Amino acid sequence: MARGSVLVIAPHPDDETFGCGGTIATLAASGMAVYVELVVQHGINTGGPAATRVSANRGMEFALACGKLGVSDFHVMIEEGDYRDTLHTQAARLVESIESRSPISIDRVRPQLVLLPARGAFHQDHQVVHQAAFAACRNRGAGHHTPAVILGYQCPEDSWSSQMEQATTSLDITEHYGQKQAAVACYQRQTKPDPHLRSASGIERADAVRGAALGVPYAESFVTYRTDLTFLVEAAKARRLVCENT
């Protein structure tokens with residue numbers, strides 16, 4: 001916590017890994033506390049009792065992936081059920097939970113950085129979560145925390161979106177890319193055979209293309225929604241104090 005914290009908002013299990021797993025691993029390794037708020041742990045459309053078993057399995061996959069990435073803590077907002085067609089009715093609840101009600105809410109973990117689904121996401125539930133999470137990040141006045149930086153991550157299927165946004169911020173994740181690969185491998189039910197965008201090799205190829213733009217093997221890119229440069233000044237001051245005391 002001494003070096004700051006990060007809050008990642010994931011609509012469903014795997015979004016945190018496929019969308020920004022390398023960044024999570026890189027920031028966690030740097031000493032930052034990374035928290036993941038999972039909005040809904042729904043089952044796949046299997047129907048009948050099998051849906052509950054699949055939901056539980058997805059929860060196990062999510063927990064394993066978070067462990068591979070070095071996540072400090074995570075919380076599941078909606079434990080079971082298929083909410084994909086009704087998540088828009090939960091918007092007010094989502095905002096309130098992300099703001100203050102969740103054990104890892106903005107007011108509790110006070111993140112400098114929030115990573116949320118991009119606004120131009122392909123899936124409607126990702127769009128709803130973006131709107132709720134972005135609203136929760138607003139300046140709510142005295143006594144409430146306002147994150148300094150808000151970035152939107154893009155999942156593999158977002159390339160199908162007719163409203164895909166331009167990514168303007170990137171991070172070299174090469175050093176910790178093995179952790180992202182290990183986390184992707186946890187999601188046996190969510191990955192697809194190659195050459196699908198959601199295949200392990202498809203995700204790696206996309207990260208390699210982003211890395212090529214920076215001149216590195218792998219990178220993840222983000223849409224920038226808010227950047228308060230004050231956090232850079234605070235980080236410099238903290239670094240100077242550390243140097244003076246050592």
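**Backbone exceptions and strand pairing**

Pro195 is placed in the loop that runs between helix H6 (177-186) and helix H7 (200-214), where helices (H or I, at least four residues) and strands (E, at least two) are DSSP runs numbered from the N terminus. The structure is a predicted model, in which local features need pLDDT of at least 70 and side-chain atom pairs count only at pLDDT 80 or more, whereas totals for chains, interfaces and linings use all residues. Residues are numbered from 1 along each chain as its sequence is written, and side-chain values use heavy atoms, with hydrogens and water left out.

Most residues other than glycine have a negative phi, and most peptide bonds are trans. The peptide bond from Asp194 to Pro195, however, is cis, with omega near 15°. Asp14, although not a glycine, has a positive phi of about 100°, and this residue lies in the loop between strand E1 (5-10) and helix H1 (15-29). Asp14 counts as buried because its relative accessibility is 3%, where buried means under 20% relative accessible area, exposed over 50%, and partly exposed in between (1.4 Å probe, protein chains only). Arg110, also not a glycine, has a positive phi of about 50° and lies in the loop between helix H4 (106-109) and strand E4 (113-117); at 44% relative accessibility, Arg110 counts as partly exposed.

Two strands are taken to pair if DSSP finds at least two bridges between them. Strand E5 (residues 149-153) pairs with strand E7 (residues 219-227) in the antiparallel sense over five bridges, and Leu151 stands opposite Thr224 in E7. Strand E6 (residues 169-172) also pairs with E7 in the antiparallel sense, over four bridges, with Ala219 in E7 as the bridge partner of Asp172.
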